[in-house]
Amino acid sequence: MPPEGWLVTVRPDGWCTSDGVATDSTLPAHRHRALLLRREAIGDFEDPGPRPLPDPDPLMRWGRPALLPLSSVMRVQTDEPVLSLTYDDGPHPEQTPELLDVLAEFGARATFFVLTDAVEAHPEIVHRTLAEGHEIALHGIDHARLTAVPGREALRRIRTGKRRLEAVTGRPTRFYRPTYGALGLTVAGGSRALGLDVVIWSAWARDWADGPVQEIADRAIGALHPGAIVLLHDRTDDAEAEAAGALPTFSRAEVTRRILTAMRAGGYTSVPVGELVDRHRVVRSVTVQRPRVLRR
Ligand SMILES: [Zn+2]
């Protein structure tokens, strides 16, 4: 077991630490202003807002240089009603175009964390996504859980996925979200050497499990807060859910329509993650899973 205390918190699925601010010269300037917090300080992903952020723990400042390179973007600090809707696992030949129609109808822009295999099968959807002002980011080559393979192999797959994705998009990929949000130490520390910043989330709809559309939308609506990064999916490509026999059948475009309707009523707009982090102070946290070998 890792040490338990104020620096490292043991969780059922691994451990997480927090705090730290940039001293890494490879980071863009805005990340030097990053607020690094304990994972718990960011709140439950289904908590209703508002969610005030605490000041960083001064006792943790000594750890910043070591912790920042392992940290992930979870949200930004702002009072403005702006957030990022993010969609994982696509593109999907039917669900993604329907979703893009709804986003366009509401004038909302989002970030899509895509799988390279699906991108190469449906490059025209990716081109449409970019043409409509959305952002494309990397989720993986496929939906394999990269904490299940050695760290160097995981990094090799991320590098390959990024190269293949950029061959389709023709532009640099800036953000990476690990499958299942599961991040090993090697990937947490090594992804930025590939030019990628890791993005997790601060709100979700739990839309990987089946359920009534309104119930799923309500979970996301209840979790919205200024500066949120909201986890949604435009495809279900999850072998673990499939094995459990719980693959969703609802319309993902309809879930988003209901979320956007509520956002409009609350004055919220959605912009891609890149715009959110460029315009606001970034809130980061370190969440790293222990290698599986240690859990045996
Ligand atoms: Zn995923």
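# Questions on a predicted model

Colleague: Of the contacts in the protein with a separation of 6 or more, what percentage comes from residues 24 or more positions apart?
Modeller: This is a predicted model. The protein has 11 helices and 13 strands, and 46% of its 296 residues count as buried. Among contacts with a separation of 6 or more, the share from residues 24 or more positions apart is 80%.

Colleague: What is the average pLDDT of the protein?
Modeller: Residues 1-31 stay under 50 in pLDDT, and the model has 76 contacts beyond four places in sequence for them. Residues 292-296 also stay under 50, with 3 such contacts. Of the residues of the protein, 83% score at least 70, and the average is 84.

Colleague: Which residues touch the most other members of the largest nonpolar core?
Modeller: This core holds 75 residues. One of the residues asked for is Val114, which touches Gly90, Pro91, Val119, Val126, Ile136, Leu138, His139 and Leu165 when residues up to four places away in sequence are not counted.

Colleague: Is strand 5 enclosed or open, and how many of its residues are buried?
Modeller: Strand 5 covers residues 82-88. A residue counts as buried when 20 or more other C-beta atoms lie within 10 Å of its own. Strand 5 is largely enclosed by the rest of the structure, because the number of its 7 residues that are buried is 6.

Colleague: Which residue of strand 12 is the bridge partner of Val82?
Modeller: Strand 5 pairs with strand 12 in the parallel sense. There are 2 bridges between them. The partner of Val82 in strand 12 is Thr269.

Colleague: What is the hand of the β-α-β crossover from strand 5 to strand 6?
Modeller: The two strands run parallel. The chain passes from strand 5 through helix 3 to strand 6, and the crossover is right-handed.

Colleague: Which residue of strand 7 is the bridge partner of Thr111?
Modeller: Strand 7 (residues 135-140) has 6 of its 6 residues buried, so it is largely enclosed by the rest of the structure. Strand 6 pairs with strand 7 in the parallel sense over 5 bridges. In strand 7, the partner of Thr111 is Glu135.

Colleague: How far apart are the end C-alpha atoms of helix 10?
Modeller: Helix 10 runs over residues 252-266 and has 15 residues. At 1.5 Å a residue it should span 21 Å. The distance in the model agrees with this, since the end C-alpha atoms are separated by 21 Å.

Colleague: Which elements do the buried residues of helix 10 pack against?
Modeller: The buried residues are Arg252, Ala253, Val255, Thr256, Arg257, Ile259, Leu260 and Met263. In an α-helix, residues three or four places apart point the same way, because there are 3.6 residues a turn. The buried residues of helix 10 pack against helix 3 (95-106), helix 8 (213-223), strand 11 (229-233) and strand 12 (269-270).

Colleague: Which residue with positive phi follows helix 10?
Modeller: Its phi is near 80°. The residue is Gly267.

Colleague: What distance separates the C-alpha atoms of Ile221 and Ile259?
Modeller: Ile221 lies in helix 8, where Ile216, Ala217, Ala220, Ile221 and Ala223 are buried. Those residues pack against strand 10 (203-204), strand 11 and helix 10. Ile221 and Ile259 are 38 residues apart along the chain, and their C-alpha atoms are separated by 5.9 Å.

Colleague: Is Pro272 buried or exposed?
Modeller: Pro272 lies in the loop between strand 12 and helix 11 (273-279). Beyond its neighbours within four places in sequence, its contacts are Ser84, Arg109, Ala110, Thr111, His134 and Glu135. Because 22 other C-beta atoms lie within 10 Å, Pro272 is buried.

Key:
Residues are numbered from 1 along each chain as its sequence is written. This is a predicted model: local features need pLDDT of at least 70, side-chain atom pairs count only at pLDDT 80 or more; totals for chains, interfaces and linings use all residues. Helices (H or I, at least four residues) and strands (E, at least two) are DSSP runs, numbered from the N terminus. A residue is buried if 20 or more other C-beta atoms lie within 10 Å of its own, exposed if 12 or fewer, and partly exposed in between; C-beta atoms are placed from the backbone. Two residues are in contact if their C-beta atoms, placed from the backbone, lie within 7 Å. A nonpolar core is a set of buried Ala, Val, Leu, Ile, Met, Phe, Trp, Tyr and Cys residues joined through C-beta atoms within 7 Å. The expected span of a helix is 1.5 Å times one less than its number of residues. Two strands pair if DSSP finds at least two bridges between them. A crossover is right-handed if, with the strands pointing away from the viewer, the path from the first strand over the helix to the second runs clockwise. pLDDT is the predictor's confidence in each residue, from 0 to 100.
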